[in-house]
Amino acid sequence: MPRKLSALAVAVLSLTITADAAGATYASRTLTVGSSGSDVRALQRYLDVAGYDTSPDGAFGPATRRSVVAFERAEQRRADGRASRAEQRMVRARASAAADDGGGEEPTAAPEKAYIASDGQAVAPDSAPDEVRAIIEAGNAIATKPYKYGGGHGRWNDSGYDCSGSVSYVLHAAGLVSRPLDSSAFMSWGERGRGTWVTIRTNPGHAYMIVAGLRFDTSARKRTGSRWSEQMRSASGFRGRHPEGL
């Protein structure tokens, strides 16, 4: 039976059609800091879908360059932050694969799921272990704080947090890490694979968590105003790790 396309897959396919209809301008030139236009916006969207947290504003600035560098490192290419035409095609291919992987959904293994209350705060299920309750409580404390590159790495209580800083903060609150880790360090942290209650999804450019069936992710905040989301994203391109026993 044909698999029903997820909203994410449809968005990626629509983006491809739109780019083609606009004269196939995507991947027609090298993009670098200072570039702007619909092809930059398309690159940013593809990067975001592929797992490299990027805002699609159509302007290639320092944040987009960081995402491109992370992608280049993950693909073992020269990390110069310049998106060549070949790299743009690679990003598009990775985004399409991510959208198709499991229909963009990642099943969660928690015996009981948390939920998001009307105030945007996550509520732990009654059966959740103490560590999971601590993670959710800490996540609620920073859920609406702004994204800040490097936030949470210099100090635990910061004015904003980046992706790995957010994950480190909530794990620290549960007594599971003693110092902040970046997304690359999380790739070898804890136990391999998906956990029962907690799963960290990480690659060299981004890290997020699945906690009791909810996604805790800085990229979710751009759309919801909160790091908490009930909507899953594709795990394609991410390594799964989890705390021992969780």
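Helices (H or I, at least four residues) and strands (E, at least two) are taken as DSSP runs, numbered from the N terminus. The structure is a predicted model, in which local features need pLDDT of at least 70 and side-chain atom pairs count only at pLDDT 80 or more, while totals for chains, interfaces and linings use all residues. Residues are numbered from 1 along each chain as its sequence is written, and side-chain values use heavy atoms, with hydrogens and water left out.

On this basis the secondary structure of the chain comprises 8 helices and 8 strands. Of the 246 residues in the chain, 48% are buried, where buried denotes under 20% relative accessible area, exposed over 50%, and partly exposed in between (1.4 Å probe, protein chains only). The chain exposes about 11,500 Å², of which carbon and sulfur atoms supply 48%; accessible areas come from the Shrake-Rupley method with a 1.4 Å probe, and for residues only the protein chains shown count as cover. Among contacts (heavy atoms within 4.5 Å) with a separation of 6 or more, 56% are between residues 24 or more positions apart.

The interior was described in terms of nonpolar cores, each a set of buried Ala, Val, Leu, Ile, Met, Phe, Trp, Tyr and Cys residues joined through side-chain atoms within 4.5 Å. The largest such core has 32 residues, of which V132, I135, I136, L171, I200, M209 and W228 touch the most other members. Two or more residues are given to this core by each of α5 (130-142), α6 (163-173), β4 (198-203), β5 (206-211) and β6 (214-216). Helix α5 provides the largest share, 6 residues. Once neighbours within four places in sequence are set aside, V132 is in contact with W197, V198, V211, A212 and L246. Another core, of 19 residues, lies apart from the largest one and includes A27, L47, V49 and M90.

Strand β5 is largely enclosed by the rest of the structure, because 6 of its 6 residues are buried. In a regular strand the side chains alternate between the two faces of the sheet. In β5, H206, Y208 and I210 point one way, whereas A207, M209 and V211 point the other way, and all are buried. Strands are treated as paired if DSSP finds at least two bridges between them. By this criterion β4 and β5 form an antiparallel pair over 6 bridges, with I200 opposite M209 in β5; the two strands are joined by a hairpin through 2 residues. Strands β5 and β6 also run antiparallel, joined by 3 bridges, and I210 stands opposite R215 in β6. The hairpin of β5 and β6 has 2 residues between the strands, and A212 there takes a positive phi near 50°.

Helix α2 (residues 38-49) has 12 residues and should span 16 Å at 1.5 Å a residue, which agrees with the 17 Å between its end C-alpha atoms; the expected span is 1.5 Å times one less than the number of residues. Because 9 of the 12 residues of α2 are buried, the helix is largely enclosed by the rest of the structure. These buried residues are D39, V40, A42, L43, Q44, Y46, L47, D48 and V49. Just after α2, G51 takes a positive phi of about 110°.

The structure holds 7 salt bridges, each defined by a side-chain nitrogen of Lys or Arg within 4 Å of a carboxyl oxygen of Asp or Glu. One of them joins the side chains of D39 and R29 (2.7 Å, N to O). This pair links distant parts of the chain, with D39 in helix α2 and R29, 10 residues apart from it, in the loop between α1 (7-21) and α2. D39 counts as buried at 6% relative accessibility, whereas R29 is partly exposed, with a relative accessible area of 34%.

A further salt bridge is formed by the side chains of R77 and E87 (3.0 Å, N to O). R77 lies in the loop between α3 (62-74) and α4 (85-100) and E87 in helix α4, so the pair ties together parts 10 residues apart in sequence. R77 is partly exposed at 33% relative accessibility, and E87 is buried at 6%. The side chains of R233 and D217 also meet in a salt bridge (2.9 Å, N to O). Here R233 lies in the loop between β7 (228-229) and β8 (239-242), and D217 in the loop between β6 and α8 (218-224), 16 residues apart. R233 is buried at 8% relative accessibility, as is D217, with a relative accessible area of 1%.
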